[in-house]
Structures are given as structure tokens and as C-alpha cells.
Amino acid sequence: MARYVGKRLMWLVVIMISVAILIFSIMYFVPGDPVKIMLGDSATAEEVQLYRDKLGLNDPFIVQLGRYLYDTFIRWDFGTSYTMKVPVMSEFITRLPRTLALGWLCILVDALIGIPLGISAAMHRNSALDHGLMIGSMIGISIPGFWLALLMVMLFAQRLGWLPAYGIDSWKCWIMPVIAGSLAGLATNARQTRSAVLETIRADFVTTARAKGLKESKVIYKHMLPNALIPIISSLGSRFAGAIGGTVVIETVFAFPGIGTLMLNGISGRDYPVVRSCVLVLAIFSAFVMLLVDLLYAFIDPRIKAQYTRMGSKKGGKS
């Protein structure tokens, strides 16, 4: 198991460096000059060139790439924002916990509501409840997140005045972002849970548990659900990584001061240090989440843990 984790961590390093090179190259070749945006149209060509020299933007591509990789992975310095004139790391320290909290709340809503709904639909297959859930989940998956967010702002903030439209001044500010960010995941999780439970509902161990006279709730949550958790956990892990990386739209609509708004402002202002750092951090976070999902597989299913152990023992025997 330790060998497997070590191998995945090595791949994580490769992913980090690859993403860093890719996003640097994209930002280098994309049209637009950040210096002209910062200085405005009134700046002369000489002033633009002097400021580009100051920022090192006139250096060759390889020189800039090498400096960026050295600063990021050796010095752990994400640079200074062109527009805000503050270290990007300080902005991350302030904003990243908010984005993580928003993602955790969305996943919590997905799990606490989606899993019981999926189980109920599977246990009452082809009933009105099952058909209603399938129709509702299809609608939830089809609704665009940004459209739902805008609709909620117009209804609950502007017309009814029940909830604030932006900011994080109180707990009420989190209600609409969490609902808008979790609806599609809730619907997907309910459908995934229904499918996973239906695959195990006729298994021999479920029949045996029922033959022993166990309560139906015990059969579901002690015998059936643990064996159906692997696809559910995979779905939740992918959703969590997607929720953190996909907060740009939700945070923009609700003026939520997180990583999403920081990255969007950086893109519009050609703020290279901000965009590079945001993309890199989100990629690293997604890779870590998927690693934790794989490790959780082994914790839930002993067969997978035994497979990892056999792989490690075979490699150890060969060496």
C-alpha cells in the first residue's frame, strides 16, 4: 500500500510540473499585453517597454519559463499580482478557505440528500417515487448553474428580499451559492446511488441477510450500502474536485470572494501570476482529491486493499 501511495505522489509531482508548463505556455502565447492594460492607452511605447523590462516580460520564452518554475517549485513564490500589487500567496491564504468551505458545503448537501433519495428510489423501483426522482434528477442535471444562480438572485434577493445577493457578511449569504452549486451534483448523486443499490439489491449476501430476519434498515445500511459505496464515492470525489474548480461562475454571480472570482479577474486583466497560480493550485487539489478517493476505496473494500498489497509484494519480490 505504501508503495502505491508513493507512486501516486510521484505522479502528482509530474502533474504539477506539466500543468505549470502548460498554463505558462498558454498565458505566454495568448493575445493581449498586461502592461498596456495596467498603464492604459495614454502610455507611450517607451513607457510600455520599460515596464515590460521591469516585469521580465521581454525575456525569451525559455528564460521566463525557467524563472517561473524555479520561483514556484523551489522558492514557493507565486509572484506578485500585476493589478492588485500584492503577493498572490496572501490572496490565496485569504480566499482559498472560502472556496473550500463552499465546495465542502455543496458536497455535504449532495451526500445528505442525494444518497437517501437514491436509496429510496431503488427500494421502490418503478413506483411514483422512483419516476418522480428520475424526472426531477434529469431536470436538476439539465439546469445550467449560472442560470439558476441568476434566477435565485432575481427572485429571493431582488423581488422578495429574503436573502442577500452578494458578499459573505452573514450565514444567509451562503444559502444561494450552496443551492446553486449543489443542485446538479445532488441530482447526479441520487441517480448514481440508485444505480449502485440496484446492482447489489439482488446479491446473495443481501438475500442471506434478509433470510436471517434482519430489519430492512439494517440490511440496507449495513450490508447493501457499503458494497454500493465505491461508485458513489467516485462520483462524490469527482464532484468535489469539480465543485472547487467550477466555482468561477457561482462566485462571480454572487460576488463571492473566493478563488473563482480571483481567477476570473486575473483572466480579464491578463494578470499572469494570478491565473497561473489559481490553475496550478486547483489542479493540485483535484489530483489530491482523486488520490484520497482511491485510498478510500481500499478502506471500504478489502478486496482492493488486498490487490494493492499483492502488487507491492510482487514488485518487492522481483527487486
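Start by selecting I119, V197, M224 and I232: of the 23 residues in the largest nonpolar core, these touch the most other members. A nonpolar core here is a set of buried Ala, Val, Leu, Ile, Met, Phe, Trp, Tyr and Cys residues joined through side-chain atoms within 4.5 Å, and buried means under 20% relative accessible area, exposed over 50%, partly exposed in between (1.4 Å probe, protein chains only). Now colour α10 (216-245), one of the helices that each supply at least two residues of this core; α10 gives the most, with 9 residues. Helices are DSSP runs (H or I, at least four residues), numbered from the N terminus.

Before you go on, this is a predicted model: local features need pLDDT of at least 70, side-chain atom pairs count only at pLDDT 80 or more, and totals for chains, interfaces and linings use all residues. Residues are numbered from 1 along each chain as its sequence is written, and side-chain values use heavy atoms, leaving out hydrogens and water.

Next, pick L12, V48, V275 and A287, which are among the 20 residues of a second, separate core.

Now for some rings: show F24, Y28, F29, F61 and Y68, which form one aromatic cluster. Rings of Phe, Tyr and Trp (its six-membered ring) pair if their centres lie within 6.5 Å; planes under 30 degrees apart count as stacked, over 60 as edge-to-face and the rest as tilted. Zoom in on Y28 and F29, an edge-to-face pair at 4.9 Å centre to centre, with 85° between the planes. Is F29 buried or exposed? F29 counts as exposed, at 59% relative accessibility.
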